[in-house]
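This report examines selected local features of one structure. The sequence and the model are shown first, and the discussion follows.

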Amino acid sequence: MSEQERVYIFDTTLRDGEQSPGATMTLEEKLQVADLLDEMGVDVIEAGFPVASPGDFEAVSEVAKRVKRASVAGLSRANKRDIEVAAEAVRFCERPRIHTFISTSPVHMKYKLQKSPEEVLELIQMSVSLARNLVDDVEWSAEDATRTERDFLCRCVETAIKAGATVINVPDTVGYATPEEFADLIRMLIERVPGAEKVIFSTHCHNDLGLAVANSLAGVKAGARQVECTINGIGERAGNAALEEVVMAMRVRNDVYPFTTGIDTRMLTRASKLVSAVTSFPVQYNKAIVGRNAFAHESGIHQDGMLKHTQTYEIMRPEDVGAGKTSLVMGKHSGRHAFRTKLKELGYELSDNAFEDAFRRFKELADRKKHVYDEDIEALVDEEIATATDRRKVVALTVIAGTMGPQTATLTVDEDGTHRTVQATGNGPVDATFNAIKQAFPHGARLALYQVHAVTEGTDAQAEVTVQLRDEEAGISAVGRAADPDTLVASAKAYLSALNRLEARKARVRPMSTVGDEPLPEAERRAGP
Ligand code: KIV
Ligand code: ZN
């Protein structure tokens with residue numbers, strides 16, 4: 001296999017990215033981001049615009065001092081002070097770069113700069129040669145290049161190269177270009193400008209029309225070998241080309257873009273999360289590569305395909321971008337195949353009838369609920385199992401209570417159609433009732449919770465009882481609930497229901513040794529911190 005050409009990744013998250021309204025980062029946060037970019041293999045980190053503020057100066061010089069692998073660039077306009085301050089800021093970097101720019105389009109020259117084309121050419125010559133006297137690596141940018149008159153742009157680029165620029169950046173400052181136009185512009189510059197072979201051409205595309213990544217890739221195909229981009233695509237207005245998208249496009253579609261980068265793609269998700277956290281800019285759920293839904297499937301057809309072969313609906317592996325793993329989100333669009341797989345994962349093996357019943361109930365639940373969690377499915381199936389294995393029932397209960405103890409419970413239970421009556425005493429009527437159940441069905445579980453609620457008001461209120469039993473040896477718990485106008489009958493039923501569930505759970509094969517507690521009721525679970 002022939003060695004592929006290298007495309008350099010120039011990250012401007014800390015400069016153009018920070019120019020997004022509201023994305024300001026503290027020095028500490030900038031250093032964190034810079035460390036991660038460096039470790040990830042970014043070639044150039046544009047750390048800020050040193051003359052803009054003392055804070056920006058400090059950030060650039062601190063990043064310049066600590067970064068080990070990458071070049072560190074400081075931005076400057078085409079004037080002496082900017083360039084000298086930028087040079088000072090990157091002074092302690094192993095590989096310092098000054099990035100100087102000036103507008104070249106008619107609209108920018110006339111209204112923003114209020115300078116003639118000849119004056120702009122002079123400033124290019126002055127700024128690049130001054131920067132080149134201070135550092136070896138000088139990048140020159142033609143701001144608004146894509147709206148610049150082509151002959152004039154060629155003259156500007158030629159001037160910059162003659163003055164010593166090492167990199168020529170071609171910004172689509174207002175995100176106006178289309179991929180074909182942008183590729184054509186890069187190709188034209190490489191072909192027409194004398195000395196073009198001595199420099200690296202670079203893309204810097206904004207995303208106003210959503211074409212930043214497409215334009216950058218088109219630029220690379222046309223001969224650019226540096227791409228300027230930001231993590232999560234943050235930047236002025238609609239942002240810049242997203243680093244993770246550019247890099248993964250070249251990796252996944254290497255047949256179309258036969259280039260390599262130095263990026264460790266397994267760090268992309270981490271970088272995205274860090275930048276999102278420090279800027280407080282959320283990443284849209286469906287964002288390519290790093291969005292939380294990028295590897296999530298809900299439709300039954302897709303889930304079925306994924307379970308048969310991951311390549312049916314995934315063009316890259318989540319681990320290649322550092323994302324956890326593919327998730328089959330259980331929701332109303334999920335089908336039988338995914339539901340069966342999920343049950344297996346959770347350790348359930350149901351008969352065909354029980355499965356159909358559980359699936360029907362799952363669909364009903366999914367219709368009502370936005371998110372169906374594993375615990376919801378467990379609760380749903382546990383109920384199913386408990387009903388199916390409800391072999392033991394309370395038939396009759398008589399309790400003698402009052403001041404003349406001991407309190408005595410006489411309990412008749414049904415087990416598989418056979419009735420049995422037992423009697424037990426206890427420290428109070430509830431204790432006597434539970435002791436009677438223990439006598440009828442000896443077990444080692446301990447009572448972890450006993451709760452009584454009156455469902456309605458008044459002395460004839462229906463009592464709702466919750467019992468939680470815990471088997472310490474097996475490390476599992478189960479909850480039973482029952483309601484009855486007689487609190488003691490409700491208590492006996494709830495206890496027996498918990499016992500039935502506990503035995504059913506114990507019989508169930510679970511993949512992991514650490515089996516969690518019975519899930520809390522939905523309302524309590526969601527009310528957490
Ligand atoms: O978008 C732009 O033109 C810029 C330049 C400073 C490179 O950010
Ligand atoms: Zn920009």
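What covers the buried residues of α8? The cover includes the strands β7 (167–172), β8 (200–205), β9 (226–229) and β10 (259–260), together with the helices α7 (179–192) and α9. The model discussed here is predicted.

## Helix α8 and its surroundings

Helix α8 is largely enclosed by the rest of the structure, because eight of its 10 residues are buried. The buried positions in α8 are Ala212, Val213, Asn215, Ser216, Leu217, Ala218, Gly219 and Val220. After the helix comes Gly223, which has a positive phi near 130°.

## The packing of α8 against α9

Helix α8 spans residues 212–221 and helix α9 spans residues 243–252; their axes come within 10 Å and cross at roughly 50°. Because of this angle, α8 is oblique to α9. The crossing of the two helices is right-handed.

On the α8 side, the contact is made by Val213, Ser216 and Leu217, which meet Glu245, Val246, Ala249 and Met250 of α9. By class, the residues of this contact are five nonpolar, one polar and one charged. Val213, Ser216 and Leu217 also belong to the buried residues of α8.

## The packing of α1 against α2

The crossing of α1 and α2 is right-handed.

Which residues of α1 meet α2? They are Leu27, Lys30, Leu31, Ala34 and Asp35, and their partners in α2 are Asp56, Glu58, Ala59, Glu62, Val63 and Arg66. The contact of α1 with α2 has five nonpolar and six charged residues, with no polar residue.

The cut-off behind both assignments is a relative accessible area under 20%.

## Loop residues with positive phi

Arg237 lies in the loop between β9 and α9. Its phi is near 50°, a positive value in a residue other than glycine. With a relative accessible area of 46%, Arg237 is partly exposed.

Ile289 is placed in the loop between α10 (268–279) and β11 (296–297). The phi of Ile289 is near 70°, which is again positive in a residue other than glycine. Ile289 is buried, because its relative accessible area is 9%.

Glu149 is found in the loop that joins β6 (137–143) to α6 (150–163). At 43% relative accessibility, Glu149 counts as partly exposed.

How far apart are the C-alpha atoms of Glu149 and Val394? They are separated by 90 Å, and the two residues are 245 residues apart along the chain.

Definitions and conventions. Residues are numbered from 1 along each chain as its sequence is written. Chains are lettered from A and ligands numbered from 1 in the order in which they are written. This is a predicted model: local features need pLDDT of at least 70, side-chain atom pairs count only at pLDDT 80 or more; totals for chains, interfaces and linings use all residues. Side-chain values use heavy atoms; hydrogens and water are left out. Axes are lines fitted to C-alpha atoms, for helices over the stretch in contact, and angles run from 0 to 180 degrees between N-to-C directions. Helices (H or I, at least four residues) and strands (E, at least two) are DSSP runs, numbered from the N terminus. Angles under 35 degrees count as roughly parallel, over 145 as roughly antiparallel, 65 to 115 as roughly perpendicular and the rest as oblique. A crossing is left-handed if the near helix is turned anticlockwise from the far one by less than a right angle, and right-handed if clockwise. Contact means heavy atoms within 4.5 Å. Ala, Val, Leu, Ile, Met, Phe, Trp, Tyr, Cys and Pro count as nonpolar, Asp, Glu, Lys and Arg as charged, and the others, Gly among them, as polar. Buried means under 20% relative accessible area, exposed over 50%, partly exposed in between (1.4 Å probe, protein chains only).
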